[in-house]
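Thank you for coming this morning. Please bring up the structure on your own screens, and I will take you through a few parts of it slowly.

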Amino acid sequence: MILDQIVEDKKKRLPLEKARISEGEMRHLAEEKLKNPGEEAMACATFYENLKKPGLSIIGEFKKASPSLGKISAKIDLTGRIQEYNEAVDAISCLTEEDHFFGNTDYLRQIRSKSHLPILRKDFMIEPYQFYEAKVIGADAVLLITAILDDVQMHDFYQLARELQLDVLVETHDEYEVERALRIDPRIIGVNNRNLKDFSISLENTKRLRPYVPQDKVFIAESGIMGDEDVAFLHEAGVDGFLIGRAFMESENPRALAKHWKDVFAGAEIGKR
């Protein structure tokens with residue numbers, strides 16, 4: 001299965017990364033970053049705060065490819081995209097996985113230098129090293145994928161992230177994974193509408209899992225949002241925010257699209273009253 005292959009490839013890459021910068025050194029760099037976060041971090045609202053606010057919150061993604069889509073033909077470059085995101089979305093997601101999404105940590109560093117928005121490091125997080133690295137490169141949040149972690153890893157990685165002052169988006173795919181995720185009492189839970197085993201998409205996944213997630217959690221729908229009807233459907237499903245990749249990456253004007261979808265969501269809210 002593709003998910004298993006991605007994790008195996010990540011396991012092969014990590015020793016190469018550690019040979020370049022040891023885990024001890026990376027941890028030291030992360031601790032220094034905690035002590036001296038820099039002006040951009042001090043001025044930036046947290047990832048959680050930006051998603052928790054009233055109304056629809058949107059996480060705009062930057063990625064070069066995916067296993068399901070192949071290489072993405074982006075209409076605008078990284079600088080132009082981040083300029084548009086800065087004016088329309090509430091947070092940015094950056095893929096840093098190299099082998100299947102063609103990402104790297106340099107993209108996140110570039111985005112950090114161009115944006116005041118909180119940034120999610122989206123990767124397959126399986127070792128503490130990656131959390132220290134996330135802090136060092138300027139991420140404000142990390143992704144925990146329930147499907148690839150056991151309960152001990154979930155707990156320990158969540159605690160490590162919070163110690164590093166990183167917010168955590170805990171990604172789930174089914175009822176059992178939501179139940180497992182809730183054991184660590186996360187503030188943000190996402191539902192990936194893309195099945196990571198066969199990469200099929202169904203927004204019904206978010207609707208089905210909504211009752212299992214307490215109302216005090218920030219509830220994020222991930223993947224499969226391509227049109228106004230999807231936005232209206234997910235409003236009815238009771239989400240707090242979206243993580244959008246493909247639709248924004250293929251758009252010539254993601255700023256206008258994000259603002260339009262916020263209007264659609266708000267209109268659905270008004271119509272519901």
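Let me begin with a term: a crossing of two helices is called left-handed if the near helix is turned anticlockwise from the far one by less than a right angle, and right-handed if it is turned clockwise. Please also keep in mind that what you are looking at is a predicted model.

With that term in hand, look at helix 1, residues 2-20, and helix 7, residues 128-137, which pack at an angle of about 55° with their axes 11 Å apart. That angle makes helix 1 oblique to helix 7, and helix 1 passes helix 7 in a left-handed crossing. On the side of helix 1 the contact is made by Lys 10, Leu 14, Glu 17, Lys 18 and Arg 20, and on the side of helix 7 by Tyr 129, Gln 130 and Glu 133. Sorted by class, this contact of helix 1 with helix 7 has five charged residues, two nonpolar ones and one polar one.

Now to the strands. In which order do the eight strands close into a barrel? The order is 1-4-5-6-7-8-9-10, and the pairing is parallel, with a twist that averages 25° from one strand to the next. Across strand 1 (57-62), strand 4 (91-95) and strand 5 (119-122) lies helix 6, residues 105-114, which runs at about 175° to strand 5.

In the loop between strand 4 and helix 6 you will find Phe 102, whose phi is near 55°, a positive value in a residue other than glycine. At a relative accessibility of 42%, Phe 102 counts as partly exposed.

Strand 7, residues 167-172, is joined to strand 8 by four bridges, and the two run parallel. Looking along this pair, you can see that Val 170 stands opposite Ile 189 of strand 8, while Glu 171 stands opposite Gly 190.

Finally, let me turn to Ser 223, which sits in the loop between strand 9 (218-222) and helix 11 (228-237). Is Ser 223 buried or exposed? Its relative accessible area is 18%, and since buried means under 20%, Ser 223 counts as buried. Leaving aside residues up to four places away in sequence, Ser 223 touches Asn 192, Asn 193, Arg 194, Leu 203 and Leu 243. Of these contacts, Leu 243 is 20 residues from Ser 223 in sequence, yet 6.6 Å from it in space, C-alpha to C-alpha. The phi of Ser 223 is near 75°, again a positive value in a residue other than glycine.

Note on methods. Residues numbered from 1 in each chain as written. Predicted model: local features only at pLDDT ≥ 70, side-chain atom pairs only at ≥ 80, totals over all residues. Heavy atoms only, no water. Axes fitted to C-alpha atoms, helices over the stretch in contact; angles between N-to-C directions. Parallel < 35°, antiparallel > 145°, perpendicular 65-115°, else oblique. Contact = heavy atoms within 4.5 Å. Nonpolar A, V, L, I, M, F, W, Y, C, P; charged D, E, K, R; others polar. Pairing = 2+ DSSP bridges. Buried < 20%, exposed > 50% of the residue type's maximum accessible area, 1.4 Å probe, protein only.
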